[in-house]
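Good morning, and thank you for joining. I shall describe one structure briefly, beginning with the terms and then moving along the chain.

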Amino acid sequence: MNFCPNCGTKLSSKIIDNSSVKTCNSCGYIDWDNWVNISCVVAAYTDNDELLLVRLKGKEQGKITFPGGYRELGESLIQAAQREFFEETGMKVDQLKLFKTYTKDEQRLVWIVYRGKVKKTDFIENSEVSEVIFIKNIKDISPNELRGKLTKQLLDDLNV
Ligand SMILES: [Zn+2]
């Protein structure tokens, strides 16, 4: 950021609390350079206690992870979770309860994870997901199919 979002003055560099920040000498605004993207993620269970996972298309083709994605401005976190869940699976999730949060600074990413209930209905084809998978145990999938560290961590934390 080069100009103050409050008053438009050119920002200048400063060190505050050992962090290199940009400040506005006119109104005092500080750009802490600590923004992150919020991704709302859902661990959805069926009535039979199966966990729903998705297999990705695109540049991570074949990898398995949880449904979810970036919150859009104006949405609540739960709305974002439900929208992303529907976009990727075609199914509805409800009874969402906050489970845990994760941060991954190298990607400026925060995961907000909800647990919820899903009624198994038909998967609806979409651009991000090739199939929906229901598992009872982590042994139902191969470790090298997992998308990344957060996916593995969340499976562990859910005691799958
Ligand atoms: Zn300013």
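Two strands are taken to pair if DSSP finds at least two bridges between them. Helices (H or I, at least four residues) and strands (E, at least two) are DSSP runs, numbered from the N terminus. This is a predicted model, in which local features need pLDDT of at least 70 and side-chain atom pairs count only at pLDDT 80 or more, while totals for chains, interfaces and linings use all residues. Residues are numbered from 1 along each chain as its sequence is written.

The domain assignment, which is automatic or from a database, gives domain 1 (1–34) and domain 2 (37–157). Their C-alpha centres lie 36 Å apart.

Let me turn to the sheet. Three strands form an open sheet in the order β1-β2-β3, with antiparallel pairing. Because β1 (12–16) and β3 (30–31) each have a single partner strand, they stand at the edges, and one side of each is left without a neighbour in the sheet. Five bridges join β1 to β2 (residues 19–23) in the antiparallel sense, and Ser13 stands opposite Lys22 in β2.

Next, the helix α2 (residues 149–157). Which of its residues are buried, meaning that 20 or more other C-beta atoms, placed from the backbone, lie within 10 Å of their own? They are Leu150, Leu154 and Leu155. Just after α2, Asn159 takes a positive phi of about 60°.

Technical notes: A residue is buried if 20 or more other C-beta atoms lie within 10 Å of its own, exposed if 12 or fewer, and partly exposed in between; C-beta atoms are placed from the backbone.
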